[in-house]
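I open my notebook on a structure that is new to me. I want to look up a few local features and write down what I find.

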Amino acid sequence: MGLWMYYLCSNALGLLTLFQFLTLSWSPFLEAAILPSSVPHVKPSYSFGRTFLGLDKCNACIGTSICKKFFKEEISYSGNYTDDAKSWRLVEISRLTTKYQHDQADKRICASLSKAKSCSIERVLRKTERFQKWLKAKRLTPDLVQGLPSPMLRCPSQRLLDRIVRRYAEVPDAGSIYMDHLTDRDKLRLLYTLSVNAHPILLQIFPEAEGWPFPKYLGSCGRLIVTASTRPLKEFYSSPPEVAADLALQLLSIVSSMRNNDMNYFFYFIKVDAGTFGIFNNGLLFIRDAGTLGVIDKQEGLQMTDGQQEYNDIFSCLASDCQSTFPSCNSVREKQSLIMVCQELLPKLLQGKFLQPVQEKIDRFLRLCADSFRADQEVSDAAGKLMELLKSLQSCDSRFAYRYPDCKYSDKY
């Protein structure tokens, strides 16, 4: 899967070049920068064409809220690198899934209507029974998202669905739980996004500005989304002990807050890997890929039965095998995410980093926390003890800008 990293300096007279890297992350990430409209810059020899952006597939796309910045070349490639970090504003540009998976899904859409290899994707999707129900609906209800593969929609509450409509950022008049302000085009874009990958929707409805651990959603154009830039956690596996301890503590704290929060939503991961989490340049850790997050509404409870989840149509097959079966929300363990993090990520951050007997204690707590055969309370207790130990290992200096210099005046450090 391709990864393109783009940097843009506000001194736009530099030589512009494109670097392409290969990666195994969940989707192509493009790191770019947004220039203020007033900054003059030379016209480069490249362009974000309609096909590259996915605008030729609209309205089987995410949206167009940030297209103007692409067309005005305020989001651009640049091979110029500068040590003057203040003149750069990095962002990430990503697809909902890989280009290959998008193409395969488009073929399945065409095949669902006829044997043709190509077709009007939008026209086919508009004719489906599901979308016709969306057109008539005044409110987004659980029956309208039955069978969609997104973990967020496995057992949605009406409260969660209302939040999606009210905070949908690709329309100018968001704010109502009713879909009167959504055009036919808007409804298709929202349905398509929810069907392929709910990552951008989660960023919109649980924004970073309100304290949720997600990067800021800046907009979309075609089948690309633009978000605030983070460095993947895997780049920090070889970090010094103080940094590793700080990141591990943040990781455990995020998992804990996603289980228990003021909004009474229980978030759980169906999988985690090296690209799931990312770190801002101030040292703050965020969830970089929200597409693997499930959401259970603890306030309203489970709204759908397992039988309802068997509903299947072309929208069920845009991001996964149509024959895939998904576990019941009733089977989700409270400590599921905690176990995954202790199994897959924390050992790579913490093993072999500390002197004895501290390392021995860390390793013991990790083994207990990662043991899926232990009771939830035992897992929770081990994680709690590990967090207390990691807190004692935190240092207070400028490497941790998200809490510095405030930490200088705290007794905790």
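**A residue in a loop**

I began with Asn264, which lies in the loop between helix 9 and strand 9; helices (H or I, at least four residues) and strands (E, at least two) are DSSP runs, numbered from the N terminus. I noted that this is a predicted model, in which local features need pLDDT of at least 70 and side-chain atom pairs count only at pLDDT 80 or more, while totals for chains, interfaces and linings use all residues. Residues are numbered from 1 along each chain as its sequence is written, and side-chain values use heavy atoms, with hydrogens and water left out.

I found phi of Asn264 near 60°, a positive value in a residue other than glycine. Most residues other than glycine have a negative phi, and most peptide bonds are trans. Asn264 counts as partly exposed at 31% relative accessibility, where buried means under 20% relative accessible area, exposed over 50%, and partly exposed in between, with a 1.4 Å probe and protein chains only.

**Cis peptide bonds**

I then looked up peptide bonds and found that the one from Cys58 to Asn59 is cis, with omega near 25°; Asn59 sits in the loop between helix 1 (50-53) and helix 2 (67-71). Gln356 and Pro357 are also joined by a cis peptide bond, with omega about 5°, and Pro357 has its place in the loop between helix 11 and helix 12.

Which residues does Arg159 contact, leaving aside its neighbours within four places in sequence? I listed Met263, Asn264, Tyr265, Asp297, Gln299 and Glu300, taking contact to mean heavy atoms within 4.5 Å. Arg159 lies over the face of Tyr265, at 4.1 Å from the ring centre; a charge sits over a ring if NZ of Lys or CZ of Arg is within 6 Å of the ring centre and within 35 degrees of the ring normal. Arg159 is buried, with a relative accessible area of 17%, and it belongs to helix 6 (residues 158-167).

I noted that 8 of the 10 residues of helix 6 are buried, so this helix is largely enclosed by the rest of the structure. The buried residues of helix 6 pack against helix 7, helix 8 (199-205), strand 9 and strand 12 (293-297).

**Aromatic rings**

I found 8 aromatic pairs in the structure. The ring centres of Phe280 and Phe286 are 4.4 Å apart and their planes stand at 55°, so this pair is tilted; rings of Phe, Tyr and Trp (its six-membered ring) pair if their centres lie within 6.5 Å, and planes under 30 degrees apart count as stacked, over 60 as edge-to-face and the rest as tilted. Both Phe280 and Phe286 are buried.

Helix 10 (residues 336-344) is mostly covered, with 7 of its 9 residues buried, including Leu338, Ile339 and Met340. Among the elements that these buried residues pack against are helix 9 (241-259) and helix 13 (376-393).

In helix 9 I looked up Glu242, which is partly exposed, with a relative accessible area of 31%. Glu242 and Ser395 are 153 residues apart in sequence and 6.4 Å apart in space, C-alpha to C-alpha. Leaving aside neighbours within four places in sequence, Glu242 is in contact with Ser395, Arg399 and Phe400.
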